[in-house]
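Biologist: Before we use any terms for this protein, could we look at it together and ask what stands behind each of them?

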Amino acid sequence: MDFQVSARKWRPQKFSQLIGQEHIVRTLSNAIELERISHAFLFSGTRGVGKTTTARILARVLNCEKGPTIEPCGTCSLCKEITEGHCIDVQEIDGASNNGVAEVRDLIDNVQYATSSARYKVYIIDEVHMLSKSAFNALLKTLEEPPPRVIFIFATTELIKIPETILSRCQCFEFKPLSNAQITKQLELICGQEEIEIDAKGLVEISKVGAGSMRDAQSLLDQVIAYSGKKIDADSVESVLGIVGGTTLELFAELLIKREPAELISLVQEVANQGKDLGLFCRSMMEYLRNLLMVKVSRNPESLLNTHTCDINVLKKQAEGFHNDELQQMFTILSRAETEMKRSSLSQMVFEMAILRLTETRPFKSIDDLIHKINQAEVEVQPARSAAPTPVAPVPQSNSSTTKSAPPSLAQPENGSFDSAIWTKIRQEVSRKRPAFEHYLDKCQVLALNEKEIQLMFSDSFTLEMVESPENIKFIKEMVKSASGHEVQVVLKLGEAKPSPSINTQEKKNLNDESQGRQKTESEIIQDALDIFGGTVVK
Ligand SMILES: [Zn+2]
């Protein structure tokens, strides 16, 4: 007997045999039963998930001598002809090779003729996204007013390339990739029928490499059978398909816990040298990380894992070496790498760079934690400040010529000038309201601070420009008012400023000394937060 590839031999012949596309089967079956059949269908989805198969079944459903029926007999001449691809009224056209406007015009001419023996003329156009723009345009009119009993079924792996004008004239169905479990079940059935002995782990491995495509998985099974004969074990599956085995994955995770970049790269090279597929290795690693995370988040991880392909005890032990969010970051890194590797001619290098990034992941500090810390600091800082004496060192006199005419500094309060404690109070207010602004005050010298005005001198024009915005002037006025009760003018100058003491330098030190063990003041923590997240403090 001639060898027939599994994918063809086990191709479903009726809706009830289709796997994983129940939503489509149901809609189509209802349409048949209610005799509300669209004249144009668009089937989209990744390769090997049953688009063309469904189109052929639909052609039989419509044309079976005992139909239209959702259970075509499979034995009448039309059923047979359609299955064998000989039916003159059911045409399968490859969109990739018949993509010009001339081919489409031929097709349209042909559409006008009545059927020869079948009930419906069915045109199945595969890879329809390959049609040229003008070819699509030529099709439009026919799609709009199709002759009676003509049905178009378009299939595509790239829905995004189909013009909107076509989509709007079709009933569209999206085919889902098949789950590993669905593929495994089908492979098991095939092996049972073909009297092939294969262990569960081997079946699962083949399904995983199939990556959602039943046709691919069946071709892989053929490949493994060709290599191993009728008795297949997981080891031979791994070596035929270039899969990296479980022990290598365990070793990989172990090196990741220890953050050993050099050894990880050596391992990648070793795997590549064995002729294994690095893309598959990347995917297996993603699955392994996912399993580690499942072990961490679930009390009953067994139900979430495929225990045929992993050792739960090893996973549990290794999971302790990772934080949840580290595993998620790593998964994301590998997921991007997997996509990039497919496009790159330097896929090994892309993979290696990704591996190095894995070793650099660190647990995130959660925003909740950070907010908690800020609140905590606020509670701690406030009482400490009010209890602390107001230590203000004298403001040094500037030697600069620009200050010769300046009013006396805070160290020598004159008539009408405030006590230097007011400056400290202003700094405290600023620290509380807008910690980021403290940074500017750190750089200025207070030339005057009295009931009428506050004069600040800055050494660099950049800082001066930043501070002299109307918004900031208003802010300084508010701060002085709230510290002293007076409305003052703000005068800013450029010159050789010797920064005036602030809570940032002195009081902050005192605060730290008082609250031993506390590392940062409130304003520093808020500044840290601003550094990390950007933005301004609203409250
Ligand atoms: Zn039939």
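Modeller: What follows is a short exchange on a predicted model, in which each term is set against its cut-off.

Biologist: What makes β1 and β4 count as a pair of strands?

Modeller: Two strands pair if at least two bridges are found between them, and β1 (residues 40–44) and β4 (residues 150–156) share five bridges in the parallel sense, so they count as paired by that definition. Within this pair, S44 stands opposite T156 in β4.

Biologist: Why are β2 and β5 called edge strands?

Modeller: The open sheet has five strands in the order β2-β3-β4-β1-β5, with parallel pairing, and the strands β2 (90–94) and β5 (171–174) each pair on one side only. From one strand to the next, the twist averages 15 degrees.

Biologist: How do you know that helix α2 packs on the sheet?

Modeller: Contact means heavy atoms within 4.5 Å, and helix α2 (residues 22–33) touches β1 and β5, so by that definition α2 is in contact with the sheet. The direction of α2 makes about 155 degrees with that of β5. Another helix, α6 (residues 133–144), lies across β1 and β4, running at about 135 degrees to β4.

Biologist: What makes a residue count as buried, and what share of the chain does so?

Modeller: A residue is buried when its relative accessible area is under 20%, and 47% of the 539 residues of the chain count as buried. The chain exposes about 28,100 Å², of which carbon and sulfur atoms supply 50%.

Conventions: Residues numbered from 1 in each chain as written. Predicted model: local features only at pLDDT ≥ 70, side-chain atom pairs only at ≥ 80, totals over all residues. Heavy atoms only, no water. Buried < 20%, exposed > 50% of the residue type's maximum accessible area, 1.4 Å probe, protein only. Areas by Shrake-Rupley, 256 points an atom, 1.4 Å probe, with all protein chains shown as cover. Helix = DSSP H or I, 4+ residues; strand = E, 2+ residues; numbered from the N terminus. Axes fitted to C-alpha atoms, helices over the stretch in contact; angles between N-to-C directions.
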